[in-house]
Amino acid sequence: MVIDDKYAKMWKNDGIVFFVYKPVRCIDLTIAKEVVLQRLKLQNGMDYPVLCDLRAVQGADKAARDYLANQGSLLTKAQAFLVESNYSLNILTMYLLDEPVKVNHVRRMKVSIAN
């Protein structure tokens, strides 16, 4: 099953949920709620590790970040994020460490993805 809507494309493969945002200037609370709802539908009540590609996202407002840090973590065994820049990685890392999310470990890696 593949969900391909206005904001993201997501699918399951080999026991992992792949989640790729489409170009978004700023994720707001409405977008955040929609993508979480779609991901939860895809997962159908099952926990999965999630790989989230944020490279097409330019930013997110505070309400969206709060929602995604909490509700966006529902039914996830683990989360991995692809980001475009070190700046984005630093912001994401600070947010994950500061928010009341159950984060056991944050590992920063630089990887190259061939498109």
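Let's start with the inward-facing part of helix α1: its buried residues are Ile31, Ala32, Val35, Val36, Gln38, Arg39, Leu42 and Gln43. They sit on the same side of α1, because they cover an arc of only 160° around the axis. Keep in mind that this is a predicted model.

**Helix α1 and its ends**

- The cover over the buried residues of α1 includes the strands β1 (2-4), β2 (8-13), β3 (16-21), β4 (48-53) and β5 (76-82), along with helix α2 (62-70).
- Just after α1 comes asparagine 44, which takes a positive phi of about 50°.

**Salt bridges**

- How many salt bridges does the structure hold? There are three.
- One of them joins the side chains of aspartate 4 and lysine 22, at 2.5 Å from N to O. Aspartate 4 belongs to strand β1 and lysine 22 to the loop between β3 and α1, so this pair ties together parts that are 18 residues apart in sequence.
- Both partners are partly exposed: aspartate 4 has 47% relative accessibility, and lysine 22 has 27%.
- Another salt bridge links arginine 55 with aspartate 53, and their closest N and O atoms are 2.5 Å apart. Here aspartate 53 is buried, at 8% relative accessible area, whereas arginine 55 is partly exposed at 26%.
- Lysine 62 and aspartate 66 also form a salt bridge, with 2.9 Å between the closest N and O atoms. Because these two are four residues apart in helix α2, about one helical turn separates them.
- As for how open that pair is, lysine 62 is partly exposed at 45% relative accessibility, and aspartate 66 is partly exposed at 25%.

- Serine 73 is found in the loop between α2 and β5.
- Is serine 73 buried or exposed? Its relative accessibility is 16%, so serine 73 counts as buried, the cut-off being under 20%.
- A polar atom of the serine 73 side chain lies 3.1 Å from the backbone oxygen of alanine 69.

How values were computed. Residues are numbered from 1 along each chain as its sequence is written. This is a predicted model: local features need pLDDT of at least 70, side-chain atom pairs count only at pLDDT 80 or more; totals for chains, interfaces and linings use all residues. Side-chain values use heavy atoms; hydrogens and water are left out. Buried means under 20% relative accessible area, exposed over 50%, partly exposed in between (1.4 Å probe, protein chains only). The arc is that of the directions from the helix axis to the C-beta atoms. Contact means heavy atoms within 4.5 Å. A polar contact is a pair of N or O atoms within 3.5 Å; within protein, one must be able to donate a hydrogen and the other to accept it, and residues adjacent in sequence count only if both atoms are side-chain atoms. A salt bridge is a side-chain nitrogen of Lys or Arg within 4 Å of a carboxyl oxygen of Asp or Glu.
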